[in-house]
Amino acid sequence: SVTPLSLEPVDGPYNAARYPNYQRLDLSASRVYHTHGATIIPSLTLINAYDYRNVFTYEFNFTTSPPTRTAFSQFPLFPAIGVTVGF
């Protein structure tokens, strides 16, 4: 069975290995409104617009033969809304 002690990071020389190529497209739209002495800026953001599965980290399991590597992804498609208010 797999326990936390059987999963371990793999160390090595600095910059000896690389992750796969990384790509992400972020889109954002905002509009400025001036009202009652304040500036209001609502915004809509779409992070990772084409939902590319970039590798965040790997986990190696050395309890199996051969050892296995599991990749964990970063955020998938992620919408966000926001408001900035200034006086």
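Reader: Hi! Where does leucine 25 lie?
Author: Hello! In this predicted model, leucine 25 lies in the loop between strand E1 (7–8) and strand E2 (27–30).

Reader: Is leucine 25 buried, partly exposed or exposed?
Author: Partly exposed, because its relative accessible area is 38%.

Reader: And which residues make the nonpolar surface patch?
Author: Leu25, Leu27, Tyr50 and Tyr52 make that patch, which covers about 350 Å².

Reader: Nice. Stepping back, how many helices and strands does the chain have?
Author: The chain has zero helices and seven strands. Read from the N terminus, the elements go β-β-β-β-β-β-β.

Reader: Which residue is the bridge partner of valine 55 in E6?
Author: Valine 55 has serine 73 as its partner there.

Reader: What about the loop between E5 and E6, which proline lies there?
Author: That would be proline 66. The peptide bond leading from serine 65 to proline 66 is cis, and its omega is near 0°.

Reader: Where is asparagine 48, and is it buried or exposed?
Author: Asparagine 48 sits in the loop between strand E4 (38–47) and E5. It counts as buried because its relative accessible area is 1%, and the cut-off for buried is under 20%.

Reader: Which place does aspartate 51 have, and what is its phi near?
Author: Aspartate 51 is also placed in the loop between E4 and E5. Its phi is near 55°, again a positive value in a residue other than glycine.

Reader: Is aspartate 51 buried, partly exposed or exposed?
Author: Aspartate 51 counts as partly exposed, since its relative accessibility is 32%.

Reader: Which side chain does aspartate 51 meet in a salt bridge?
Author: The side chain of arginine 53, with 3.7 Å from N to O. Arginine 53 has 48% relative accessibility, so it counts as partly exposed.

Reader: How many salt bridges does the count come to?
Author: The count comes to two salt bridges. Besides the one between aspartate 51 and arginine 53, there is one between the side chains of arginine 24 and aspartate 26, at 2.7 Å from N to O.

Reader: Why might such side chains pair at all?
Author: Side chains of opposite charge can pair when their charged atoms come close.

Reader: Are arginine 24 and aspartate 26 buried, partly exposed or exposed?
Author: Arginine 24 is partly exposed because its relative accessibility is 41%. Aspartate 26 is partly exposed too, because its value is 35%.

Reader: Last topic, the whole chain. What share of its residues is buried?
Author: Buried residues make up 7% of the 87 residues. The accessible surface of the chain is about 7300 Å², and 60% of that belongs to carbon and sulfur atoms.

Reader: And among contacts between residues at least 6 apart in sequence, what percentage join residues at least 24 apart?
Author: For those contacts in the chain, the figure is 55%.

Reader: Great, thanks for the chat!
Author: You're welcome!

Conventions. Residues numbered from 1 in each chain as written. Predicted model: local features only at pLDDT ≥ 70, side-chain atom pairs only at ≥ 80, totals over all residues. Heavy atoms only, no water. Salt bridge = Lys/Arg side-chain N within 4 Å of Asp/Glu carboxyl O. Buried < 20%, exposed > 50% of the residue type's maximum accessible area, 1.4 Å probe, protein only. Helix = DSSP H or I, 4+ residues; strand = E, 2+ residues; numbered from the N terminus. Contact = heavy atoms within 4.5 Å. Areas by Shrake-Rupley, 256 points an atom, 1.4 Å probe, with all protein chains shown as cover. Patch = residues over 30% accessible without salt bridge, like charges linked within 9 Å, V, L, I, M, F, W, Y side chains within 5 Å. Pairing = 2+ DSSP bridges.
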